[in-house]
Amino acid sequence: MKPVLQFCAVTLGVTALITGAGALLGAALWPLIGAWAGSRVPLGDLALTGARTLGFYCFIWAPGTGIVVATIHAHRRRRPRDP
């Protein structure tokens, strides 16, 4: 049971980390791009839209990355170390 919980914890941790980073990146990039393009939308609205959009797309793709990282982590823990 413990390896399954570790696998799930690593997957959820990586998913949360990637989703949070994507939301922060979206909140920073959307206003920057909007200001550069001469948008008349307030920067706060652009930041919120960017955080939602990029955070959502990262949330869609991040679990796959989390599963890969958790699999590599579990494989490394099972493999005996060379002397």
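Reader: Which residues does Thr15 touch, not counting residues up to four places away in sequence?
Author: The model is predicted, so local features need pLDDT of at least 70, side-chain atom pairs count only at pLDDT 80 or more, and totals for chains, interfaces and linings use all residues. Residues are numbered from 1 along each chain as its sequence is written, and side-chain values use heavy atoms, with hydrogens and water left out. Contact means heavy atoms within 4.5 Å. Beyond four places in sequence, Thr15 touches Phe59, Ala62 and Pro63.

Reader: Is Thr15 buried or exposed?
Author: Buried means under 20% relative accessible area, exposed over 50%, and partly exposed in between (1.4 Å probe, protein chains only). Thr15 has a relative accessible area of 9%. Thr15 is therefore buried.

Reader: Which helix do the buried residues of H1 pack against?
Author: Helices are DSSP runs of H or I, at least four residues, numbered from the N terminus. Thr15 is found in helix H1. The buried residues there include Thr11, Val14, Gly22 and Pro31. The buried residues of H1 pack against H2.

Reader: How far apart are the end C-alpha atoms of H1?
Author: The expected span of a helix is 1.5 Å times one less than its number of residues. H1 has 36 residues, so it should span 52 Å. The model agrees: the end C-alpha atoms are 51 Å apart.

Reader: What distance separates the C-alpha atoms of Ile67 and Leu12?
Author: Ile67 lies in helix H2, residues 43–78. Ile67 touches Phe7 and Thr11, not counting residues up to four places away in sequence. Ile67 and Leu12 are 55 residues apart along the chain, yet their C-alpha atoms are separated by 8.8 Å.

Reader: Is Ile67 buried, partly exposed or exposed?
Author: The relative accessibility of Ile67 is 42%. That value makes Ile67 partly exposed.

Reader: How many disulfides does the structure hold?
Author: A disulfide is a covalent bond between the sulfur atoms of two cysteines. Here the test is a pair of cysteine sulfur atoms within 2.5 Å. Cys8 is partly exposed at 38% relative accessibility, and Cys58 is buried at 18%. The number of disulfides is zero.

Reader: Which residue follows H1, with a positive phi?
Author: H1 covers residues 2–37. The residue after H1 has a phi near 80°. That residue is Gly38.

Conventions: Helix = DSSP H or I, 4+ residues; strand = E, 2+ residues; numbered from the N terminus.
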